[in-house]
Amino acid sequence: MSDIQIRVNGKAGQITLNRPDALNALTYDMVRAIDQALCDWAHDPDVALVVIDAQGSKAFCAGGDIAQLYDTGRAGDYTFGQGFWRDEYRLNARLAGYGKPIVTFLQGFTMGGGVGVGCHASHRIVAEGSRIAMPECGIGLVPDVGGSLLLAHAPGRLGEYFGLTTARMGPGDAILAGFADHFVPEAAWNDLKKSICETGQLAPVKSARQNPPASSVAKHMEKIDTCFCGESLDDIVRNLQNDQSDFANTALKAIGRNSPLAMAVTVEMIHRLRSVKDIERALELEYRFTYRAMEHGDFLEGIRAAIIDKDRAPKWKHALDKVPAVDVSFMLRPLGKDKLTFEEDNTAMKIGFIGLGNMGGPMATNLAAAGHSVLGFDVAGTTANGVQNVASAQEAAKDADVVITMLPNGGILRRVADEVVPAMRQGAVFLDCSTVDVESARAVAELCTTTGVSSLDAPVSGGIGGASAGTLTFMVGGTEDGYAKALPLFEIMGQKSVHCGASGNGQAAKICNNMILGATMIATCESFALADKLGLDRQKMFDVVSTSSGYSWSMNAYCPAPGVGPESPADNDYKPGFAAELMLKDLRLSQEAAVAVKADTPMGAMAQALYAQFVEDEDGLGQDFSAMLVKFEKSERP
Ligand code: NAD
């Protein structure tokens, strides 16, 4: 008996998963067979739509065949798993973007790989006994097969909730969370399938559907939103610990069983994908993790404990409250030439990179590792891995599709632009990622317009760590067209890019953001100094503020007090991180801009004055900007 039945039935292409004894778990052969059938039917005029269902009452499909992956991984062969996931994700993308309707019938369990086959279809039908879940974190994987995208778009913080707890969704929950569309009692399924296949129409689905049973998580939405918010897994765990309700305790218990690394990465992925629409980007991100999961993650240990030894006592690599941000970044670093692609990749660009300093160097390296051809130039003769150095900025720019600059300030940017923009070919993109004044950004944009070059100002947040890890955030000003051309590069160098509008708006966003950051860091530091003098323990102060209305990135993610909160430059003797003088530069830019447009920014002005004093008159130069705490520890109110 074959594991899968594929045939044309009336006007429908019908695929039936046929491994009921194994809960229809997906093998590599089944993945390939489904993909082939979809390709065959895509342009077949006799096939109006596709039906995917499964034999047996217990499951539509309970996941991928992980035993197969475990055996090869244990033997040190990671390529089988990498190949399986690559082809499975390509199938998931094909299902999501298929040009004809696909109707899936999801009885019993639909989990993991089953979600990838069942839950990206255009018409997803559930019944009384349907139980849908993304249980990957329990075996050291992240929600994959495009499930990360569904979780990211579930209402409120439901995605974080289902991803981390691996809780099962009943039919009402699945419809609420966006994993299913219609509820049809299972007793009506055979007739429904028959009429869909006979007619090749979707109308029978409409007539058969009924109101779903109430969602069991809907009543907990408020609690889910307050407990599962925050920057990181740490924040969520802390929220749950501080919340004494039964619901929070149960959720915490569930989370306590799962791989901390996988969950920390899951939170990061859901956050990154919140503004993403296309499944290919989610799958590409998931693949970065799964590609590394056997060698560097908890995957093999997770399978051992769950299905090989069945001791249910996995020895995860990290404790729940100790997953360093750098380990999360590592698992999501771009894969370079091994990146998941969905068609033959002929998108390699010629890039000229000017300014290979602390930030530019690693950014250029990531672009080269992703398969682009990068010519680099830096007046200091600096070089970067994978980049071919040339003798002048013009030489780097002349045949380039995109020229990227990462320079110290607006004056230098203008000089470089004057030199290279006239040498660039029409239609190419001039992409400045430095932090400069809005006026310089707009002047460069004007110069580009006169020569037929698209220009973008795209300053970054994320620092040197983000530049190396490929996790920067880009704030982009410029035309839609220029943004679309540069998007694939933002995706390599960063985790997120936001198109903020016309030229100069990227810089505007950057200086507004950093004005908030400068002011909140000062407020956080002076509050710690006040707390010290009032005899309040710093850890207690953190525990309260990080989950109260005083919380901020400065407190929660970059706490200036050593030994408190997640690891930060404070724990490394205030070695930057983000240097105080760079903060001063950004605050000055914000105040110059405020003067130019007559904006009243008293907090920003005060922040600039304090950082100027710290850097120029005290010992702030070369220290992290959070070393402001030491300043307040020493100073006294006059
Ligand atoms: P950096 O000083 O390390 O790098 C700048 C590089 O530009 C240097 O290598 C320098 O030799 C080169 N350069 C100067 N003039 C040049 C010219 N005419 N032609 C070619 N190369 C030239 O500085 P960085 O830390 O890489 O920062 C670069 C930009 O990124 C700045 O605008 C900064 O504000 C911004 N930024 C930095 C951080 C950070 O944490 N370092 C974070 C966000 C944004």
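Reader: Is T166 buried or exposed?
Author: Keep in mind that this model is predicted, so local features need pLDDT of at least 70 and side-chain atom pairs count only at pLDDT 80 or more, while totals for chains, interfaces and linings use all residues. Residues are numbered from 1 along each chain as its sequence is written, and side-chain values use heavy atoms, with hydrogens and water left out. Buried means under 20% relative accessible area, exposed means over 50%, and partly exposed is in between (1.4 Å probe, protein chains only). T166 has a relative accessibility of 18%, so T166 is buried.

Reader: Where is T166 found?
Author: Helices here are DSSP runs of H or I with at least four residues, strands are runs of E with at least two, and both are numbered from the N terminus. T166 has a positive phi of about 60° although it is not a glycine. Most residues other than glycine have a negative phi. As for its place, T166 is in the loop between α6 (158–165) and α7 (171–177).

Reader: Which residues does P135 touch, leaving aside its neighbours within four places in sequence?
Author: P135 is in the loop between β8 (131–133) and α5 (147–153), and its relative accessibility is 27%, so P135 counts as partly exposed. Contact means heavy atoms within 4.5 Å. With those sequence neighbours left aside, the contacts of P135 are M111, G112 and T166.

Reader: What is the relative accessible area of K310?
Author: K310 belongs to the loop between α15 and α16 (325–331). Like T166, K310 is not a glycine, yet has a positive phi, here of about 55°. K310 is exposed because its relative accessible area is 56%.

Reader: How many Å is the side chain of E301 from the backbone nitrogen of K315?
Author: E301 is in helix α15 (residues 299–308). Beyond its neighbours within four places in sequence, E301 is in contact with A313, P314 and K315. A polar contact is a pair of N or O atoms within 3.5 Å; within protein, one must be able to donate a hydrogen and the other to accept it, and residues adjacent in sequence count only if both atoms are side-chain atoms. The E301 side chain reaches the backbone nitrogen of K315 at 2.7 Å.

Reader: Which residues come nearest to the ligand?
Author: A residue is near a molecule if one of its heavy atoms lies within 4 Å of it. There are 24 residues around the ligand. Those that come nearest are N358, M359, D378, L407 and K585.

Reader: How much of the ligand does the protein bury?
Author: Oxygen atoms of the ligand are 2.8 Å from a backbone N or O atom of L407 and 3.0 Å from a polar backbone atom of T435. Accessible areas come from the Shrake-Rupley method with a 1.4 Å probe; for residues, only the protein chains shown count as cover. Taken alone, the ligand exposes 830 Å², and the share buried by the protein is 84%.

Reader: Which domains each give at least three residues to the shell around the ligand?
Author: Domain bounds come from an automatic or database domain assignment, and the protein is divided into domain 1 (4–331), domain 2 (347–503) and domain 3 (510–634). Among the helices, α19 (410–420), α21 (463–469) and α26 (580–596) each supply at least two shell residues. The domains that each give at least three are domain 2 and domain 3.
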